[in-house]
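Hi,

Here is the structure I promised to pass on. My notes follow below it.

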Amino acid sequence: MESTSADTQTGRPFSPLQALAQLNPYVWSTGLFMRGFALIKAADHLADGPRTAAELAEATGTHAPSLARFLRACALHGLVTWVGKDRYELTELGQLVRSDVPSLRSFVIAVNGPGMTRVWEHLVDVLKTGEPASKQALGMDHWEWYEANPEEGRYYAECNGLLTVEAAHVIAASYDLSQVTRIVDVGGSPGALLAGALKAAPQATGVLFDLPAAVRNAEKTFAEQGLTDRLELVSGDFMTSVPEGGDLYLVKNILCDLDDTSAATLLRNCLAAMAPGGRLLLLDWIYTDTPSFVHATDVEFMVLTGGRGRTLDEYRQLLVDAGFAPPERVQLRGFEMAPFIVLEAARP
Ligand SMILES: C[S@@+](CC[C@H](N)C(=O)[O-])C[C@H]1O[C@@H](n2cnc3c(N)ncnc32)[C@H](O)[C@@H]1O
């Protein structure tokens, strides 16, 4: 039997069971619990008040004894509370994965899906090699995975739309789109930013450019908003080229997924395709000296795609090195606190 070392402060022997109460080794599973809870839409069926596991099993089409065990553990992850014997009440956290009201459901499902979690298993390899692990973990890169797994790709696209709608409002309020005629959104699925820009610029047409399955995921956004007649959907690889002739190129949350070499290629492709007098709007997370979720997403990019979070100076340098005029920072009304940056770079 292994000997246990003594706690240096109290002198008492180390107790693994007491330590377990301090360090929950199942913390990794919180995301998977939230994802399962979200996928079966348990929160929707608890929204009107507490229910038993049996009632919820019937409503969600699940196996009652298994659901009962799952729900008891969901309380440890903060999604429900136990009320009486075998009745469960939705918490505020649980509300965040409802499908019938605006929520973070698609985000929770996407970031805890196999295309991400399987790659995280290789974190230590990434720390040792400095190389992203999607190919090692999935047999393909991050984007090929979504092309090959359309349902997961749809949740991912929905999650991007969710995170982009606010930015689209802010751009419409903070940036002058009155002279723009042709807007190209590079890697723009599911189209939240381009749709917002087209609404704010009724004189303009738009091109949404992305990978094939991602383009299909964008169709709904424009149809729902009555913008299809001003829109072209184009699929392709932005590492090769991007659609030509735009006077405004939108590049939102693309550079964060790319290493410096690929980011430079993408920016040069935009510059080469741009109409004379054209501009590029770069929208992305900004890496600062204050801890924020950007530091966590930076590690996510490192693991999944080899991308990175960047500082203001790093974004500026990338744009200038790619041949753009020194970029101007766009001040965002109502979005000042977000760890997010918008830079406008003109074709010289
Ligand atoms: C992080 S998402 C950003 C989506 C959108 N711009 C937004 O901010 O909501 C990155 C997008 O780039 C697309 N993408 C990745 N690699 C691509 C490539 N080689 N060519 C075209 N699109 C690509 C993905 O399909 C995805 O839609």
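Which residues are closest to the ligand, and how many surround it? The shell holds 17 residues, and the closest are Asn160, Thr164, Gly187, Ala214 and Asn253; a residue is near a molecule if its C-beta atom, placed from the backbone, lies within 6 Å of it. The shell divides into seven nonpolar, six polar and four charged residues. Here Ala, Val, Leu, Ile, Met, Phe, Trp, Tyr, Cys and Pro count as nonpolar, Asp, Glu, Lys and Arg as charged, and the others, Gly among them, as polar.

Before you go further: this is a predicted model, where local features need pLDDT of at least 70 and side-chain atom pairs count only at pLDDT 80 or more, while totals for chains, interfaces and linings use all residues. Residues are numbered from 1 along each chain as its sequence is written.

Back to Asn253: its phi is near 50°, a positive value in a residue other than glycine. Asn253 sits in the loop between β7 (248-252) and α15 (260-273). (Helices are DSSP runs of H or I with at least four residues, strands are E runs of at least two, and both are numbered from the N terminus.) With 19 C-beta neighbours inside 10 Å, Asn253 counts as partly exposed; buried takes 20 or more other C-beta atoms within 10 Å, exposed 12 or fewer, and partly exposed is in between, with C-beta atoms placed from the backbone.

Aspartate 86 is partly exposed, with 14 other C-beta atoms within 10 Å.

There is a cis peptide bond too, joining serine 189 and proline 190, with omega about 5°. Proline 190 is in the loop between β4 (182-186) and α13 (192-200).

Leaving out residues up to four places away in sequence, Leu282 touches Val251, Leu255, Tyr315, Leu319, Val342, Leu343 and Ala345; contact means C-beta atoms, placed from the backbone, within 7 Å.

Cheers

Note on methods:
Two residues are in contact if their C-beta atoms, placed from the backbone, lie within 7 Å.
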